[in-house]
Every structure is written in C-alpha cells, then in structure tokens.
Amino acid sequence: MSEQPEKFYITTPIYYVNARPHIGHTYTTVVCDAIARRHRMLGHDTLFLTGTDEHGQKIERSAAAAGKTPQQLTDEVSGEFRALWDRLGITYDKFIRTTSPEHKRGVQAMFTLLQERGFIYKGAYTGQYCVFDELYADDNTPGTLCPVCGRVTETVEEENYFFKLSAMAAPLLKLYEENPSLIYPDTRRNEVIAFVKGGLHDLSISRTTFTWGIPVPGDPAHVIYVWLDALCNYITAVGFGSPDPADQQRYQHYWPANVHMIGKEIVRFHCVYWPAFLLAAGLPQPKQIVAHGWLLFEESKMSKSRGNIVRSETILEVLGADALRYFLFREIVFGQDGSFSFDALVQRFNSDLANGLGNLASRTLSMIQRYFAGEVPYPSATFAHTPAEAAVIALAGETIAAYGRLFESFQFSRALETLWSLLSAVDKYIVEMQPWAVAEKEDRDTRTRLATILYTAAEALRIIAVLAHPVIPESTARIFTQLGLGDIAQTDLNALRWGQLNVGTRLGRIEAVFPRADKSLIERMQQMEEDRKHATDLAAATDVAEPPVPAPAPAPALITTAAGSDAPSGAAAGAPNQLTGGPHPPVVGECGNQAAAPIAPPPAPAPITIDDFLKVELRVGTVLTAEKVAKADKLLRLTVDIGTEVRQIVAGIAKAYLPETLVGRKVVIVANLAPRKLRGIESQGMIVAASFGEEGQPALASFLEDVPNGARLK
Ligand code: MSP
C-alpha cells in the first residue's frame, strides 16, 4: 500500500493592483517560493498560492484616474505581477484573481454561510474610512487621519451589513491559547492577544457607495467589504463554494493552509478578522500565520511623497534573480525590519556568491576537468583518506541537519550562515590540501590522494547546492548540470547524505555561475531606478493622477497599523489602540503605496561604456607549466595560477615563445571567456598579447611592478 504524501499549503497575501510590484512584494513571494521548493524536495504534496486583490474603492478610483475601467486596470497590473513572478522563477501552483468567477462564487457562499449561522445583521453606520488602506478608523471625528498612511479619512454614512465580531473575542482568545504556534513570531502573537483583550466591535462588511466588488447575495445594492472578499481567496482558490465534487474534494484535501505568510502591517486582518470569520462559519483554522518585517530603503532620494520604491526588475536585469533572492534571505533577519541598499546587495553578491559558492564550484570542477578528464574521481577509503576529509564529511552531516532545523523555523539568515560555514571549511580544506601541488607529483599514490581531495570538494559542493537550491534555484541548478547531475529539484532531501555523488560521473560544460560584480554596477542600478522613477513621475503627471500623499501620521509602526476598531455608530469609538508603536523609518512601498511605475527601457548603450569594458574580466596570473601541443606548431598548453584557481589555457604563441621561457612569467588573461576546445584541449581563458608586424607576431602583456596573481585590470 503506497503512503499518501504529506500535504503542504502555503499562501502569500494577494497583492493590490493599484500599485506595481516592487521588492517588498517580491520579498514575501520569494520567501514562500523557497519554502514551497523545500517542501517539494521533501516529497510533500505542495500547493503554493499567490494572486491579486482586485476589488474595492481604491482600485475603482485608481482606474478612473487612469482613464481605464477597473477591469482594464486589474487585468494590466495583475498581468504584471504574474509576469514578474514568472521572470523571478516563482513556482506558484495557483494564481488567484479576486475578479475570477470561482472566487466570486466562493465569497458569496461564505457570506451566505455566515448569514445562515446568525453572524450577520443589517445596521446603520457613520464613521471615518480610509479608502487607501480600505479600513475604518478608530476615531469617528470627521477629518481624522488614517492611522496607517496619514491620509485624511472620508465620512461614510451607510446602511451596511455587519459581522458580529464583538461576539468573537472569547472564542478567539481560546483559539490563541490552545494553538500557541498559530501566530508567529511571538511578538505579533502577544500584540494580537492584547488587542483582542481590549475588546472588539462589530465590523461593517458591505458598502453601497461604489460598485467595484462582489455583490451581497440577494441584495446587490451592497458589495462585500474588500477584506472579507480578499481573505476568502485562501479557501476559494482550493475549491470552497464550488458545486463540483472534484473542487470540494480539493478543498477538503488542502484546507486548512499550513502557512499564511504576510507582512506585519496586515496582522490584524489575518490574525483577528480571518480566524473570526472561520470560527463563525465553522471552518478549520489555518495552522500558522507568519508575519515578516518590512523592507526599508536606506538613504534614498526616492523616499518622497510617492513612496521609495525599488523594483525587482532592475536587480534582475543587472545581477539576476538569485542575487536578489540570496540577499533577501541572508541579509534580512526574518521577522524584523531590514534595510535594502544596492551597496549591500553588491557586497553580498561578491562575498558570498561570486567569491564563495561560484569560486568553489569553478575551482573544484575545473580541477576535475583538468586532472581527471572531467570525470568524478574515485576517493580512497583507506590510506589516502586523512582526518581532513573526515572533518569535512562530519561537518557536512551536521550542516544538513542544522540547516533544515533553522530553515523550517524561519531562521533563513542563520540557515544560510551555517551553510556558508561549510563552504568556507571546504575552501580552507582545498587551500590546505593544495591539489594543484599534489598533481605535480606523478605517482600512483599521489593520484589517489588527488582523487580523494577532489571527490571531497565535489561532494561538498553537491550538498551545498542541494540545500541552497530553494533559495537560489537558478544558479544551483546550473552547478548541478556542471557536476553532470540531473534535475536538482528532484533530489530527495529526506535522503540527502554524504557519498551520493557517483564516481565516474561525467561533468557538464563548466562556466562561471556568478561572475564578480563590479562596484560600478551599484551606480548603474541606482541610475536605472532614477530613470524608472522619472518615467513614473511623467506617467503620473499625465496618466494616473493620484491625490497628493500627506505626511504620514506620526504614530503607526506595527500592526497597529491595521484598521481602527471599525465601530458602527453608537459603538464606543476611539478605544485605545493597543497596537500602536513609535514612528518608523521610510519603508519600501509601505502601506500599499501607489507609485505606478511603467518599466523604462534600460539606458541606451553608448558606443562603449565603462560597464561594457568591465564585462571583460582581465586578471594577472603566473605561468606554472608550458608545453607544446602535439601536431600544432603554433599552440602552447599553459597552466596559469590566477590566485583563486589554476587555469589551463591554449595559446597561439608557440612561434614567438619557447615553453621553458614562460614558466614563472606574469601574464594577463581574460578570465571570463567561455571555455572552448583547441585541438581537443579545453582552453579556460585567453592570454592577452599585443599583435604586431605583418605576421601578427604576439608580445605578451606584462608589468614592471610585482603584481600579485588574481589582481584585476581595470
Ligand atoms: N491586498 C492586501 C492583502 C490581502 S491578503 C488577503 C494587501 N496588499 S498589498 O499589495 O499592500 O501587499 C501587502 C503585502 O506585500 C505585505 O503584507 C507584504 O507581504 C508585502 N509588502 C509590501 N511592502 C512591503 C515592504 N516594504 N516590505 C516587506 N513586505 C512588503 O495588503
């Protein structure tokens, strides 16, 4: 009998379509993506849901301001989110849109269910509403400012449907108490409990002053409150409310979600309203609601009235998706606010990816290529096996366990730190074992020793790639291909252990996975953002005429944040908000801000820019060996130490230089040239030489000073 795989259902918030995606949205989405990828590698039946939140007055107004119908605007921006997720390699299984028929049907079914169970009544309401955040303010005084974004609220006077939230305080407190892991981290849990203990007021859940929403069943003059509509996406996406038995089965199978991942500003909606709706409807609760902090943008000119947006596209175009993903996981302590800067991004990229993982991959693989004709060599289990290998093997085992523990408890930064400690240990091991020196001695025993060293390095590289795969999927998949292995995503994480790399595996084509990023790229990305911002400003002036954004309210920081107490008329308004904190620094895209940003084309390339020049990686090296290539009178085969590794280079300089005169000589090589074969020998770079005279005689570039190996020419 085959065992059913464990199911795992994870969701992102659904994103408003009045603002274009920025790295704040990307953060939540890539975190979910990595978690989903890891669960798939653990063999779980994983469902990863994301989507767009498309109803409400805010969207209706943004569309009108842009001269579009709400449907046009939502189609456009929802498409942009989806396209960006596809570019970033986000492996969502389902993308829900709240304007889809399946969702509308499910929300109406939920409304009816709540009504049938006696939790909805009709009443009159007069209060202050912030359209921007789609929330009711605590303070019912006309002119009061929104507690989240500081905009002036509007007075709404309506006959509405109400949800009996006030009756839910005791059941909610019981729920929190019985499920201590429901809200993560604990700071959020404590805030939520304190908030509910402060008392809850009934919640207005319909509107009549606009039409862009889902009609209340049987009373179409009302549309359903956008947060009730939006929160239901988590169940409608898996089939809730559908008459089709297959959908009902899907709902039974996947619901409840294992993880709702959210930003801290929407904790109240997810940890108070959503559980209250589910309790009232008699439906199961999600297993965990996980709130992360905000991404802050440091010292940016962009943090003005329209919000300080950084776009993922800029980073994608310049450094690639994995650079951004790695940064977000490694640099931001999950659960806390963290700063983004292009400087820190490039620094992280160079230290951990280019010099770290990329370098380990290229030096290990190129030595296997060179010394073992590209086949994973047989390691010795006996005489050529030393305590140094035993230490690497032990550390790899410990890392597999520790990494899993940390990752699964949302400590991503520490998980990666642990993994990179293994990487550093392997680097150190290679430096100490000096395989290039071992290779010089040509007897059988040293060959076995060399095989053992390179097998150890390659196997550690495989394990590091597998563990890092959910975070940096694209580059680790490439490392796997270069290792001659198949689809990395198919690796069974439960069974991951030392020694699974098969001897004799033929390496794939070796190429740099993370070419080092030059500092000039920082300026380039900043410029791209400025250009995009400029395009946004122009577009805003002519297209989406957003109202000016007033200065943020002085107080809100945390979930606070979320709406006021939604008091209907007559209810005690202005109850002290327990969740209010101090002022907060500028936030990337904070509070769903509206900066609409058409994507500007990258700056037009000048004939040749410094960036173009810097694409060529010129490095200093020392020739270690030189010999003639058989049956090729112009070619020499050289091995060149470029500081981080030894390269084999085939150069057409045999007519100008005797091999023995080159050994020990400093040369300049093009280090990031794609490898190619000359007379069946792979050349991993090119030697730089002047060419003169009618015959094109070569003269090697050299220096008067003593320049260390690896120094870059720029
Ligand atoms: N539509 C609601 C959510 C409904 S879920 C049933 C909404 N949308 S939003 O477009 O404003 O996106 C909010 C989410 O985007 C946040 O909860 C967070 O996950 C992410 N982020 C937006 N800006 C962010 C930062 N500056 N930093 C980190 N995450 C941010 O609220």
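Predicted model: local features only at pLDDT ≥ 70, side-chain atom pairs only at ≥ 80, totals over all residues.
**Entry 1: an open sheet**

I began with strand β5 (residues 120-130) and strand β7 (residues 154-163), which run antiparallel and are joined by 10 bridges. Here two strands pair if DSSP finds at least two bridges between them. Strands are DSSP runs of E with at least two residues, helices are runs of H or I with at least four, and both are numbered from the N terminus.

Residues are numbered from 1 along each chain as its sequence is written, and side-chain values use heavy atoms, with hydrogens and water left out.

Back to the sheet: β5 and β7 belong to an open sheet of four strands, in the order β6-β5-β7-β9, with antiparallel pairing. Which strands are at the edges? They are β6 (135-136) and β9 (203-204), each pairing on one side only. Helix α10 packs on this sheet and touches β6, β7 and β9; contact means heavy atoms within 4.5 Å. The direction of α10 makes about 35 degrees with that of β7.

**Entry 2: rings**

My search of the whole structure gave 28 aromatic pairs. Rings of Phe, Tyr and Trp (its six-membered ring) pair if their centres lie within 6.5 Å; planes under 30 degrees apart count as stacked, over 60 as edge-to-face and the rest as tilted. W255 and W274 have ring centres 6.1 Å apart and planes at 70 degrees, so I logged the pair as edge-to-face. This pair links distant parts of the chain, 19 residues apart: W255 is in the loop between α9 (245-254) and β13 (259-263), and W274 is in helix α10 (residues 267-281). W255 and W274 are both buried, with buried meaning under 20% relative accessible area, exposed over 50% and partly exposed in between (1.4 Å probe, protein chains only).

I also found one aromatic cluster formed by Y184, F329, F334, Y403, F407, F410 and F412.

Next I checked charges over rings, where NZ of Lys or CZ of Arg must be within 6 Å of the ring centre and within 35 degrees of the ring normal. K58 lies over the face of Y16, 3.5 Å from the ring centre. R207 has its charged end over the ring of Y129, 4.3 Å from the centre.

Helix α14 (residues 387-408) and helix α15 (residues 412-433) pack at about 170 degrees, with axes 8 Å apart. Axes are lines fitted to C-alpha atoms, for helices over the stretch in contact, and angles run from 0 to 180 degrees between N-to-C directions. I therefore call α14 and α15 roughly antiparallel (over 145 degrees; under 35 is roughly parallel, 65 to 115 roughly perpendicular and the rest oblique). Among the residues that meet are Y403 and F407 in α14 and F412 in α15.

T446 is in helix α17 (residues 444-468). Is T446 buried or exposed? It counts as buried, at 15% relative accessibility.

**Entry 3: strand β17**

Strand β17 (residues 618-628) pairs in the antiparallel sense with strand β20 (residues 666-670) over five bridges, and V620 is partnered by V668. With strand β18 (residues 636-641), β17 has six bridges, again antiparallel.
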